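Colleague: I am new to this structure. Please take me through its strands.

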Amino acid sequence: MSAMTGQREIAEAQEVLRSLLRGAGFSGFAFGCNFRLWFDRASGAPVDGLGDPRELELTIEADWRIGDEADWQAKVRRLAPEGAVEPEEPVQAYELASMRWSDGSNVSDVVLTAGELRVTTQGGATIVIGSSVERGETAWCIGQRGVPEHEATWSVCCVDGVVYVKGPE
């Protein structure tokens, strides 16, 4: 697994993410202690030696939102259940469910910086995932759906603010 810390390396990781996600359809999600978002890719060319993964899973542990920060906070204040311990989570689930069953849920772009991952859909929704978590924790990780990261031949993960790309030898 190679670490991506500099601007050039992050740009390379961004290209891998774009190759994986562009055009992929947002097909569903699950929520437990974290959110797991699923994307389906149409058959196409192999991705940087990673094969032709059809089903992808993005696991999110860090704070995240959909859209602009100020708009998001206003939406959470308006929609969150009164007295909710984690007021953002039901709003996140609502927004993902709405996105899943609307036109334009295919990914149009992916932008990766040292501070966040942004996944934008054709319908204009942007999922913004931070990179800050407790030390030693994974903020987010994308890999092949149904394959644990430690068994996967490839993955792209952000741990302690550092992006790692794991690929076949």
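Modeller: Buried means under 20% relative accessible area, exposed over 50%, and partly exposed in between (1.4 Å probe, protein chains only). Strands (E, at least two residues) and helices (H or I, at least four) are DSSP runs numbered from the N terminus. This is a predicted model, in which local features need pLDDT of at least 70, side-chain atom pairs count only at pLDDT 80 or more, and totals for chains, interfaces and linings use all residues. Residues are numbered from 1 along each chain as its sequence is written, and side-chain values use heavy atoms, without hydrogens and water.

Colleague: How many residues of strand β9 are buried?

Modeller: Strand β9 covers residues 138-144 and is mostly covered. Of its seven residues, the number buried is five.

Colleague: Which residue in β9 is the bridge partner of I60?

Modeller: Two strands pair if DSSP finds at least two bridges between them. Strand β4 (residues 55-60) pairs with β9 in the antiparallel sense over five bridges. Within β9, the partner of I60 is W140.

Colleague: Which strands stand at the edges of the open sheet of four strands?

Modeller: The order in this sheet is β5-β8-β7-β6, with antiparallel pairing. Each edge strand has a single partner strand, so one side of it is left without a neighbour in the sheet; the edges are β5 (64-66) and β6 (107-112).

Colleague: In β8, which residue is the bridge partner of R65?

Modeller: β5 and strand β8 (residues 126-130) run antiparallel, joined by three bridges. The partner of R65 in β8 is V128.
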